[in-house]
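This briefing covers charged side chains and the way they pair or gather. Please look at the sequence and structure below before reading on.

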Amino acid sequence: MTDSAEQLSGRVSRGRPRFRVRPERRAAARRGGFAFGLFVAQVGVITLIAAVAAGVAVAVQTDQVRRSAEGDLEVLADSVATLPVVIEGLQSPDPHALIQPITSAMQKASGVEYITVVDLNDLRVAHPWPELVGQRVSSDHSGVRRGERYVGAEEDGPVGLTLRAKVPVIAPDGRIVGTVSAGVPVRAVQQEVTGRALQIIVPTLVAVLLGLIVSWTATARLRRRLYGIEPGEMLALVQSRAAMTDGVQDGFVGIDDDGRIAFMNTGAKRLLAVTGDVEGERATEALPAPIVRMLDTEGQPDTRQLTTAGRTLVVTRSTAVADGRDVGTTLVIQDRSELESMLATLGDERARSGLLRVEAHDFDNRMHVVSGLLRLGEFDDARRYLDSLPRAQRPGAAEQWHRIEPPMLAALLASRQAQADAEDITLDISADSRVGAAVAVGAEELTVVGNLLSNAIEAADSSIDVFLVGDADGLELIIEDDGPGLSDQDAQRVFEHGHTSKPADGWRHGIGLSVVREHIVHRGGEISIERADLGGARFVVRLPAASASPPPIKEHPA
């Protein structure tokens with residue numbers, strides 16, 4: 001921009017006052033904009049329709065009134081022209097004396113402004129104004145004397161603008177002996193048209209007024225149903241709601257008072273294994289049966305725990321209230337599987353911490369023994385003592401770990417073996433165990449193997465045998481211990497959620513074997529309990545490789 005342009009722009013900007021609307025006024029305008037705009041649109045539509053309808057009706061009435069008046073005048077003129085006394089009077093020496101009484105009586109009876117009879121010399125022989133009798137008629141009757149008929153408005157004559165009908169007077173022998181003209185002022189016709197129009201316009205205005213009242217009532221009711229929210233604000237609410245609900249892991253489901261799903265976020269679809277757009281569908285058809293049964297209950301918020309194959313859900317139902325009235329039901333769905341996984345991880349960390357404390361204690365003892373022998377100068381005894389200590393083993397160092405190629409599975413077995421060693425339990429992995437690298441080891445495989453080994457370590461007295469084989473089709477696992485085993489009653493209930501055969505110590509929830517069974521069933525595998533040769537329990541597991549089959553849902557009361 002050049003200097004002159006900048007100067008010009010500066011002068012313009014300084015010279016032109018800026019009009020700023022206060023934020024509170026803009027907010028008030030936005031709040032009232034939708035309702036007022038809707039009301040104005042409705043008023044415009046109602047008024048336009050009423051005006052068009054009334055205009056058409058008035059035009060039709062005007063035409064009918066005019067046609068009716070013209071028809072009446074023509075009939076009246078024909079009636080006068082066909083009277084024998086009029087025909088004979090026009091051929092008599094004194095037609096006025098014969099005709100005037102007749103036309104005066106018919107004028108009075110019909111209510112027209114005038115009836116004029118004219119002879120062939122264009123002179124009036126009968127007229128309501130006596131001073132005009134015998135004078136030349138003011139309008140043109142030449143066409144009528146030739147046999148033509150005329151119906152229409154003319155301004156010629158002493159009465160002014162009139163609607164008139166002019167017809168010839170024909171004698172019985174066919175000769176035209178005169179003419180007859182009958183007329184009414186156009187203003188009289190207009191007055192009748194005005195009266196007919198008022199009969200249309202007044203009801204139309206009443207209808208428009210009623211329409212405005214109904215429109216305003218409907219607008220106010222709609223605004224109350226929308227809780228005073230403007231369309232722009234509704235769009236922002238929808239966008240913010242979608243951003244918030246889709247950004248969390250928990251599931252949210254809103255059901256309106258008609259039983260249809262108003263919204264369902266991404267977390268709810270993932271947890272309930274629902275695909276596609278279900279908004280607008282009936283909740284009884286789109287949601288799993290256990291959740292539908294929760295919707296049948298009323299009253300205080302209800303919380304239940306649902307277990308899926310691989311997921312444990314906590315569902316809370318509550319009533320949605322807006323503006324003091326119930327507007328539907330909300331469901332909050334939380335995945336408890338992650339919490340249980342965290343509890344399992346915490347248990348493993350506690351066990352690993354205890355193992356490290358034991359190893360640290362043993363290491364201190366050994367170091368004290370070596371230090372004492374060195375202080376006493378017993379170097380040969382110190383060397384023999386060090387040679388007698390077992391070498392630390394790590395996953396992959398011993399021959400048995402080469403048969404377990406998946407490193408995560410080998411690490412899990414090594415950690416459980418170290419845990420068993422710390423508790424003076426021999427955990428022996430069969431020499432026939434083979435797990436190839438093609439086996440996909442995920443969280444479910446580690447959960448199944450880890451929970452069963454931990455359960456065996458807790459139950460065993462001194463010995464555990466493990467047999468494990470696996471390929472691309474899945475894993476087969478046999479774990480048996482020399483513990484007390486399971487009674488027939490415990491064997492039937494050991495996989496139930498919350499049931500445990502061990503004494504409660506605050507960390508045992510009866511969850512581990514329940515989760516193990518859910519993972520196995522989810523994969524389509526099998527698990528069974530037998531009496532072990534060692535005297536305790538034997539768990540036999542077949543865990544197929546992961547598949548995409550959807551999990552069934554089971555319900556447990558919270």
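Glu 480, Glu 530, Asp 533 and Arg 538 are joined in a network of salt bridges. The model is predicted, and it holds 17 salt bridges. Side chains of opposite charge can pair when their charged atoms come close.

**Salt bridge between Asp 78 and Arg 149**
- The closest N and O atoms of Asp 78 and Arg 149 are 2.6 Å apart.
- This pair links distant parts of the chain, 71 residues apart: Asp 78 is in helix H2 (residues 23–81), and Arg 149 is in the loop between helix H5 (142–145) and strand E3 (150–154).
- Asp 78 counts as partly exposed because its relative accessibility is 26%.
- Arg 149 is also partly exposed, at 46%.

**Salt bridge between Glu 445 and Arg 523**
- Glu 445 and Arg 523 form a salt bridge in which the closest N and O atoms are 2.9 Å apart.
- Glu 445 belongs to helix H14 (residues 443–459) and Arg 523 to helix H16 (residues 512–523), so the pair links distant parts of the chain, 78 residues apart.
- Glu 445 is buried, with a relative accessible area of 6%, and Arg 523 is buried at 11%.

**Salt bridge between Glu 526 and Arg 542**
- In the salt bridge of Glu 526 with Arg 542, the closest N and O atoms lie 3.9 Å apart.
- Glu 526 is in strand E15 (residues 526–531) and Arg 542 in strand E16 (residues 537–544), so the bridge ties together parts that are 16 residues apart in sequence.
- Arg 542 is partly exposed, with a relative accessible area of 34%.

**Negative patch on the surface**
- Asp 277, Glu 279, Glu 281 and Glu 285 gather in a surface patch of negative charge.
- Glu 285, one of these residues, sits in helix H9 (residues 283–286).
- Glu 285 counts as exposed because its relative accessibility is 63%.

Conventions: Residues numbered from 1 in each chain as written. Predicted model: local features only at pLDDT ≥ 70, side-chain atom pairs only at ≥ 80, totals over all residues. Heavy atoms only, no water. Patch = residues over 30% accessible without salt bridge, like charges linked within 9 Å, V, L, I, M, F, W, Y side chains within 5 Å. Areas by Shrake-Rupley, 256 points an atom, 1.4 Å probe, with all protein chains shown as cover. Salt bridge = Lys/Arg side-chain N within 4 Å of Asp/Glu carboxyl O. Lys, Arg positive; Asp, Glu negative; His and termini not counted. Charge placed at Lys NZ, Arg CZ, Asp CG, Glu CD. Helix = DSSP H or I, 4+ residues; strand = E, 2+ residues; numbered from the N terminus. Buried < 20%, exposed > 50% of the residue type's maximum accessible area, 1.4 Å probe, protein only.
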